[in-house]
Amino acid sequence: MAKLSVRDLDVAGKRVLMRVDYNVPMEEKNGVMVINDTTRIKETLPTLQLLTSKGARLILAAHLGRPDGKREPSMSLRPVAEKLAEMLGKPVAFVDETVGPKAEAAANALTDGQILVVENVRFHAEEEKNDPVFAAQLSRLADVYVNDAFGAAHRAHASTSGVARIIRAWGGQAAAGLLMERELKFLGDELDNPARPFVVILGGAKVSDKIKVIDRLLEKADTILIGGAMAYTFKLAHGGKTGKSLIEKDHTGTALAAEAKAAQRGVKFLLPTDTVVADLKDTGKLNKKGKPVFEPINPRVVSGDIPDETEGFDIGPATAATYAEVIASAKTILWNGPMGMFEDKRFAEGTNAVAQALVAATQNSGAKSIIGGGDSVKAVNKAGLGDKVTFASTGGGASLEFLEGIPLPGVTALNDV
Ligand code: AMP
């Protein structure tokens with residue numbers, strides 16, 4: 001169901017409460033909190049500019065970190081408001097309360113086109129409980145609600161869900177921001193009716209984390225390419241050797257069931273044929289859980305089985321070449337989860353090869369390339385290719401749940417059109 005868009009709102013002179021994702025990485029430097037990466041703030045600027053140019057009085061609400069319902073000065077949104085003012089080149093007001101008379105007075109003092117940031121919604125334990133009284137307090141700040149925080153839309157919290165429902169209950173509108181709208185278009189509509197061939201690439205650590213996505217996409221895709229540590233559970237299910245690799249013994253049945261469903265539906269289901277493995281050297285150190293830390297050494301490529309004393313860390317070059325060829329013929333590509341432990345550059349080649357193939361298909365044959373959030377977005381950005389794909393989702397958990405077909409509370413709370 002399509003959702004009301006911020007583009008269709010009449011907001012002149014109205015107070016618009018907009019939920020944004022300003023959960024930015026911060027660090028203390030000489031006693032002040034400094035923002036390390038402003039991407040999330042930058043991404044909201046088009047929606048902010050659209051609303052302020054239409055004369056909205058904008059109130060921005062967000063969470064930052066995990067203050068667990070307490071006022072935690074290092075997690076204040078004040079530095080974020082200051083950064084936003086700098087980026088917009090105009091003043092942005094800040095109020096050190098989220099709800100209540102002081103916050104309401106600050107919202108009511110706004111004139112057309114002005115922006116106010118209220119304090120971290122998670123300073124109130126009621127936020128994560130979707131407490132109706134807290135949601136009602138938030139609703140008193142606004143006439144209209146906009147949600148542009150896709151990354152928080154899988155949570156039924158007061159600022160993502162409860163407040164939207166209250167505003168709608170008294171006849172107000174609740175719309176998707178431009179960022180949210182793009183997420184719904186690319187992770188939703190485009191994948192519901194994909195141009196074919198539709199190739200899905202799934203990687204990451206665990207089959208159990210991705211099985212619901214695999215299951216749902218088996219109903220849409222022409223080909224599924226599997227990589228990452230989760231490929232080893234498939235290998236184990238086929239009686240292959242997996243050495244010391246990350247596996248989920250309890251999920252071999254899940255893996256086989258997915259392959260059977262693929263065969264039944266005529267979906268090509270490809271598993272890696274070679275693997276980058278490494279020996280494991282005991283560092284003599286213990287991790288936080290008191291377990292010995294091993295360092296991968298002597299990386300090399302093996303075909304077929306993974307030798308007993310080694311661990312698999314990436315797809316091998318033959319697999320990468322096969323996957324690149326499949327990707328080259330695709331018209332729609334969805335990718336979720338890295339092909340290996342890409343954080344270590346010795347094991348990033350498979351992931352980078354997939355990223356390059358995706359970009360080439362986008363540029364050469366006009367394929368739509370969609371990166372479904374989380375670590376694959378990080379990997380594409382790390383390879384410097386972030387702006388060369390059709391769409392990279394801003395969500396992590398939210399993207400995964402949306403791809404699984406789970407209704408997101410932050411989306412369902414918005415008006416349908
Ligand atoms: P996910 O969040 O499920 O997409 O998993 C991403 C994580 O899986 C990344 O941190 C990768 O380092 C990790 N990963 C992918 N392949 C492997 C592998 N072969 N061995 C260990 N970790 C892996």
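Modeller: The centres of domain 1 and domain 2, taken over C-alpha atoms, lie 36 Å apart. This is a predicted model, in which local features need pLDDT of at least 70 and side-chain atom pairs count only at pLDDT 80 or more, while totals for chains, interfaces and linings use all residues. Residues are numbered from 1 along each chain as its sequence is written, and side-chain values use heavy atoms, with hydrogens and water left out.

Colleague: What gives domain 1 and domain 2 their bounds?

Modeller: The domain assignment of the protein chain sets domain 1 at 6–182 and domain 2 at 194–404; such bounds come from an automatic or database domain assignment.

Colleague: How many residues of domain 1 are in contact with domain 2?

Modeller: Seven residues of domain 1 are in contact with 10 residues of domain 2, contact meaning heavy atoms within 4.5 Å.

Colleague: What area do domain 1 and domain 2 bury between them?

Modeller: About 680 Å² is buried between the two domains, 63% of it on carbon and sulfur atoms. Buried area is the accessible area (1.4 Å probe) that two parts lose on being put together, summed over both. In domain 1, Phe150, His154 and Arg182 lose the most area to domain 2, together 73% of what that side buries.

Colleague: How many salt bridges does the rule find across this interface?

Modeller: The rule asks for a side-chain nitrogen of Lys or Arg within 4 Å of a carboxyl oxygen of Asp or Glu, and across the interface of domain 1 and domain 2 it finds zero salt bridges.

Colleague: Why is Asn147 called buried?

Modeller: Buried means under 20% relative accessible area, exposed over 50%, and partly exposed in between (1.4 Å probe, protein chains only). Asn147 has 0% relative accessibility, and therefore counts as buried.

Colleague: What makes the pair of Asn147 and Tyr145 a polar contact?

Modeller: A polar contact is a pair of N or O atoms within 3.5 Å; within protein, one must be able to donate a hydrogen and the other to accept it, and residues adjacent in sequence count only if both atoms are side-chain atoms. The side chains of Asn147 and Tyr145 make such a contact at 3.4 Å. Leaving aside neighbours within four places in sequence, Asn147 is also in contact with residues including Arg19, Thr160 and Leu414.

Colleague: Is Ile306 buried or exposed?

Modeller: Its relative accessible area is 0%, so Ile306 is buried. Not counting residues up to four places away in sequence, Ile306 touches, among others, Tyr232, Lys235 and Val277.
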